[in-house]
Amino acid sequence: MLKLVKANEGPTYRELGQKKLEGLVRGLGLEAELGSATRLFELLTSAWNDRPITGTPLFSSDVTDDGTPFEFSVAFAAGRPLIRVLAEAQTAPFDAASGWEAGLALTRELATLPGVDLERFQRIQGLYAPPSGSSSRFSLWHAGTVEPDGTLSFKVYLNPRIAGASLAPEIVRESLVRLGADYAWSELEPKLGDRSEILYVSLDLARSTDARVKVYVAHPHATSGEIDDLVRHESGYRPGLAARWIEELTGSAGTFDERPLLTCYGFRSPLDAAEVTVHVPTRCYVGNDAESVLRAGELVGPLAAALRAGVEGMAGRPLEMGRGLVTYVSVRPVADGTRVTTYLAPEAHAISTPRHTALPVSFFPTLAASSDTSLPPPAAVHSLVRPLAGSTKLGGQSFSAVEELIATSRAVLRAHPLLERLEGAGTVEEMQVLAPRFTFYVMCFQDMLRLGSSLTTDPVLKELAVTHEAEDLGHEQWFLYDLEALGVERNLAWTFSPEHAVTRDISYKIMAEIVGATHDATRLAVLLALESIGAEFFGRVIRYLDRLGRAEGLRYFARSHQLVEQSHEVFEAHAQSRLSAVEVPSAVMPEVVRAVLRTFEAMARLGDDIDARMKECASRAALRAVG
């Protein structure tokens, strides 16, 4: 269901859109294209983007589920992401006719830009003008793309159902005839089954010989196999390819009843094979946006980290909190691999609530034997942690298997950029950025230990948890002492400010793992995972401070603290032997594994944030040095 955001007379669509777009672009690492992307957004929305955002839109646009009249998308192909903006021109009285007129006005404005040509659009526009009294949800949309060379390209989306669904096939056929693409209808018509619904026609606003016309077809209640049968003989496809994509993106073979799968047929010329794309409305079939990003990342491959960073930069909330920021993922084969496009809603008016789904077994094959489907889906996995899901083999059902997973995860974490940065020369200023970023986590860690101990009932695990809590008692005071010694004390207001939000979010997530666990083994596994991560961190920070000549006199970031951590009784041989022999019920093991991976995931995210801030500090220092 949709939960309406409280009415807010603060930000305008422009302010929200530019903020979301900047977060997306920077997350993708495309800072050089931010100016072009912002200009594109302004071009497509300038007629109405100064309106303040309220709880309910003046006109509920069909562009997004909550009525927001624009969306962003990112295409991943040829080794780099491409930014696109889709928007609906609007004006009072906000109906199909006024939308059409507003759309035509925007089309004429775009015609003044380099490379934009309306000749093909003018051949067919009369077919799509809304008849009097039309109640259609949309009549004319516009989309623009920031091309690799920084230029902007544009296309329009037209509604072939504007005069009724039954007339859509004839309107599309006539459009293709007027565009000199009779061949396209001959190719398309046999693929329109009894249940098929033609939804959209898009047209590149260009005169070039490779300008496209595209037809989007919905397939209600289809299965992945039925879509595969439709496209398996198209250019670049092979039997089973489309089905695999759909199932990877949704975790299901169908039927897809909540919102249909789409196929899109793009035509350039009689000499070019049709470009066929499969569009999957992932928001309807996943638990939350984190799962959508994880699943799409499997198809994006090496750019998965950029996808995650871009979506997180745009979201303004934990991805696990909602379902609908990622609306669709589309996939099609291209000459150098696969083109994957993610469609992103700005959520100006509402956020769809997440839901629980079964564990995506394809990402966690070691859990395939479990029948447990009551747990929430795992968070989208950090690029460093994700390989663990497919490589870790559980060695039985004792706690030794959990320790093996923690050890494997720790080994993978060593490649994190923050840990690599801490092996470098560094500066005092960068250390002063790093140290306070742990404030909320360090203070919370004492409560994590306390709750882990108090909630544990198994006699063996209880003894270990109580000992662990006692041995770490007071370490947060050492941390506060070091902040003062390093000249980076932080007050309560800063600790709860937006600047420290990532650390708080991570701490809450880990606390939730401990409090929400259904078994004592899960709680202890989370705490041991944190100790393992800390062990990798401490040694590097101490050597970092030694190189800076700032280690003397510190208590928390000190070699003496490292030795204390290493001598914890829980790690001694006798205790280790007792722990390793503890039996973990087979029904509980999936929960334990997920909790460990999510803990490493969370701390890797915290490392990302700190590394980025240290990098910014180093960049500012470099600029001062040359300026």
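These are my notebook entries on a few features I looked up in this structure.

**Ground rules.** I am working with a predicted model, in which local features need pLDDT of at least 70 and side-chain atom pairs count only at pLDDT 80 or more, while totals for chains, interfaces and linings use all residues. Residues are numbered from 1 along each chain as its sequence is written, and side-chain values use heavy atoms, with hydrogens and water left out.

I began with strand β6 (197–204), a strand being a DSSP run of E with at least two residues, just as a helix is a run of H or I with at least four residues, numbered from the N terminus. I looked up its cover and found seven of the eight residues of β6 buried, where buried means under 20% relative accessible area, exposed means over 50%, and partly exposed lies in between (1.4 Å probe, protein chains only). On pairing, which requires that DSSP finds at least two bridges between two strands, I noted that β5 (residues 152–158) runs antiparallel to β6 and is joined to it by four bridges. Within that pairing, Y157 has S202 of β6 as its bridge partner. β6 also pairs with β7 (residues 213–219), again in the antiparallel sense, over six bridges, and there I found E197 opposite A218 of β7.

How many salt bridges does the structure hold? I recorded 38, counting a salt bridge where a side-chain nitrogen of Lys or Arg is within 4 Å of a carboxyl oxygen of Asp or Glu.

I then looked up the bridge between K191 and E234, with an N to O distance of 3.3 Å. K191 lies in the loop between α6 (182–188) and β6, and E234 in the loop between α7 (224–231) and α8 (241–250), so the pair ties together parts that are 43 residues apart in sequence. E234 is buried, at 13% relative accessible area.

Next came R437 and E499, whose closest N and O atoms are 2.7 Å apart. This pair links distant parts of the chain, 62 residues apart: R437 is in the loop between α14 (428–434) and α15 (439–455), and E499 in the loop between α18 and α19 (501–516). R437 is buried with a relative accessible area of 7%, whereas E499 is partly exposed at 37%.

R414 sits in the loop between α12 (399–413) and α13 (417–421), while E536 belongs to helix α20 (residues 520–548), 122 residues apart. R414 is partly exposed at 40%, and E536 is buried at 6%. Salt bridges with shared partners join R410, R414, E423, E536, R540 and R543 into one network.

Helix α20 also holds S532, which is buried at 8% relative accessible area. Leaving aside residues up to four places away in sequence, I found S532 touching I406, R410 and F600, with contact taken as heavy atoms within 4.5 Å.

Which residues make a nonpolar surface patch of about 350 Å²? I found L492, F496 and Y508. L492 is in helix α18 (residues 492–495) and is exposed, with 64% relative accessible area.

Definitions and conventions: Patches are made of residues with over 30% relative accessible area and no salt bridge: like charges are joined within 9 Å, nonpolar side chains (Val, Leu, Ile, Met, Phe, Trp, Tyr) within 5 Å. Accessible areas come from the Shrake-Rupley method with a 1.4 Å probe; for residues, only the protein chains shown count as cover.
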